[in-house]
Amino acid sequence: MHTYTHTYTHTHTALLHWPAFHNGAAAGLALVPVAGATIHHSWVVYNKPRVTAHVHTHVHTHAHRTAALLHWPAFHNGAAAGLALVPVAGATIHHSWVVYNKPRGTQDMSTEHAGFLLALGLNGHLRDMPFMNIYEYLVKCNEMISVGLLLGLAATYRGTMDVQATKMMSIHLEPLLPPTSIELDIQQNILVAALLGVGLIYQGTCHAHYAQVLLNEIGKPPGPEMENCVEREGYALAAGLALGLVCVGAAHAAPAHLATRLRAYVLGADRRTLHAAREWCGGNADVTAPGATLALGLLFLRAGDCAPAAWLRAPATPYLLDFVRPDLLMLRVVARGLILWDSIEASEEWIEDQVPATIKPYCFVKPTEENIDYEAMNQAYCNIVAGACFALGLRFAGSGDEEARDAVLQTCARLLGARGRRLADLAGAATLETCLCVCLLAAGMIMSGRGDVAVLRLCRRLRARTAHPARPARPAHAHPAPPALSHGAQMAVHCTIGLLFLAGGRGTLSTSKTAVAALLIAFFPKFPTHSEDNRYHLQAFRHLYVLAVEPRLILPRDLDTGKLCYAHIQVVDLQGVVKEMKAPCIIPELDTLKEVKINDPRYWPIVFQRDQNWDQLKTFLEYTWCIDIKQRAGCLSYVSDPQGFLTILAQTLTLDKTNIWLATPENIELFTNDDKVRSFVKHYLTSETSSSKICANCLLVSKKRGKAEGLVKQCQCRKYSKEEEEHVQALSMVTYECLVKDILCALPIWTTFLKMIKAMKSEPTSYQVWQVKLVVSQVARQARGAAAEMCVDGQDAAAEPLISAEFALAVQQRVCAVLDSWEPRLAAQLRRYLGLSGGRRVGAEWRAALAAYVLYHELSAGAGAGLGPGAGAGSVACARGPLGALAASALAPLLS
């Protein structure tokens, strides 16, 4: 950084050389000559600059100030670059990549790298980094690097109570060191970062020792020699937030004296002992109240206890109002909302109910009473309303609740409207700006990840309020232009825009206990006045919102085309309440759901259940981002058919089971756009005999004949025979069946069965017969099971079998037709095989047919022996047992 600043100084100085020269020339020409007299040389000598280095010193100081103003913007830029690294399949960035890509040496240690380390820690990528490499970072004593690394390390090991990470934090904090340890001179920002890091490492553990240490640090006195009097507000706030993290939502498990001590820090204590700074033993309430208030709210998070909530109630009388700073009222309302979490309502009435009735009559009205402090009343009203909106934003963070958003935006509209009235001066422009930004952040938290247009429109309106050096003059009767937003307000506006498009629209905010604590730390309603302001709130804490981000975007993708599509989904919460949504959409928090289902008539259903494949849903949401769904046959996407008219027309052919027997190539092409299927239909199922088209076979034959005869102009193919037409019809029926049921993978199998049936007419084999018998018996068994199954109300209907009973029956009938055609020639051979009189030996050419016939009908050799010459089919059936009934009807005309 020193080398960069030195180079910048020289460059900046060189740019001022000739402008300074021209400035001096203009000053010399301004000297008016008097009566032709000349200026004496002694005047020139004695008026030259005494110290040449004065200009260089001034420029050098200006360069240092300019470089200092870029420290934290560069830190945030590095953090944004680190957060842009997308995790892939749960893998973490290896520590060697971080180590070998860091800036070399202390002088080149960039501020952007400090923010980059923080971002890596927030995403959990510092877990594999050896602590020796961490020591090499810390030994450089670079303030920005230490802040980013400590916070990133604490975020990586949050809630684990890791010993090594705790040691890294403890060496920077005096209360965690032994009493005889050497006192270290550590920058204030590093102390604040290490203090909050302890809270992150012991998050949710309710550790008694660290809770007591953090409690003492909230009210830490400035010391007898005033060594701790610099920026105590930020240190006390960090201690309170860390205490809230350690004991978040664990009021009943925490030590009993925590609530009492925190109440003393919030409301002040008795005047027992005075320190050098004339502060009470309870501490300066202006210093300790912010951190203690939020710690009290996090301690009793969602507890619903009335006693702590009563401590944080806004003063009900103007007299009591004089003892509380207006900005502390905002924090009290926020903490009270955390305690009474379930009582928060998404309405304007709830926001107004937080304002005491004694304050409302004096808000934004013309002062008429001399004994009323109207400025205090208006400031209290604005802060209370802003605190209520912030609590509402935390309660409905990431939910997309439109009623909550409208309530917050209505409050923003009232604050914006107050700017144009003179009565708004009673509250002050700074107060209105801060409260407006707090409400805007609340709206951003509610609509996070959804890109809401209403909130974005308000952000654009406020973002346009920038300071212009030269504005055109406005008419005297026109309203005054709104003042430009301060640095902190611009930061709040841009944070809101980032929340609206969080993770590129793939993520949103969670409302778990730890997530609420992270949001409270990141969006603490006290904004910096300039880019280097860390007095009340360390700017690095603004990035901790990442700990509350949760990917919940359901993004359907068509499995065949690979394109994103729309689909209706169904979510069921833990209470059994069903909610219908249309994806792409952000679903509710996974902790509140027990089932997510793709429930769209145009796509095949996919069900994710908590006790079965819930981890697979989390993997889809976090890493894959898309869920592949299969489109049903005869259905079009919502982009191609928004109203569903074409889909309904195609489904009339799908649902009617009689259409399978009349399947034509034209009907088949209605259900698919697959080039492979269309090519199959064109070459195998379509017979073109018209004179306008020539088939490929005739075209090839004409080319082989030679060019002298010329090409034929019409198809010379013969028409299909009856047997071929039946085979094509069966093939069309099979293709239609597979296409309608989305089982094209079964088409080669059914084609093989049709080839078997066709081959049985000339070359029958036992293998072919067994394949047909297995398929028929399997379908019959499934049909009997489906008929015996009882349908329960509320349950989904059973899926249609892969092989329909109608198609299996058709295959069976075709086989029976082939066997029936053999019966006149096999009658005598069958009588001989069964041991009946009148039979003769079969010829060699019909032995295969006889074997297939006997195997299909399950006839035993010699089953009719001993029954006498008059035995018929019924006698043979009785002799065979229960399976003889199958062949009785077939053998009746042969054996009678």
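Where does UniProt place the feature "transmembrane region"? The unreviewed entry puts this feature at residues 234-254; UniProt positions follow the numbering used here, feature names are shortened, and annotations may be inferred rather than shown by experiment. The end C-alpha atoms of residues 234-254 are 24 Å apart, and the span is 62% helix and 0% strand. Helices (H or I, at least four residues) and strands (E, at least two) are DSSP runs, numbered from the N terminus.

This is a predicted model, where local features need pLDDT of at least 70, side-chain atom pairs count only at pLDDT 80 or more, and totals for chains, interfaces and linings use all residues. Residues are numbered from 1 along each chain as its sequence is written, and side-chain values use heavy atoms, with hydrogens and water left out.

Next, helix H12. Helix H12 spans residues 208-218, and its buried residues are Tyr210, Ala211, Val213, Leu214, Leu215, Glu217 and Ile218. Buried is under 20% relative accessible area, exposed is over 50%, and partly exposed is in between (1.4 Å probe, protein chains only). Among the elements that cover these residues, by contact (heavy atoms within 4.5 Å), are helix H10 (163-170), helix H11 (188-201) and helix H13 (232-246). Helix H14 (257-267) and helix H15 (285-299) are also included in that cover.

Now the cysteines. The structure holds 0 disulfides, a disulfide being a pair of cysteine sulfur atoms within 2.5 Å. For Cys437, the nearest cysteine sulfur is that of Cys412, 9.1 Å away. Cys437 is buried, at a relative accessible area of 1%. Cys495 is partly exposed, at 25%.

Last, Val139. Val139 sits in the loop between helix H8 (131-138) and helix H9 (143-156). Val139 is partly exposed, with a relative accessible area of 45%.
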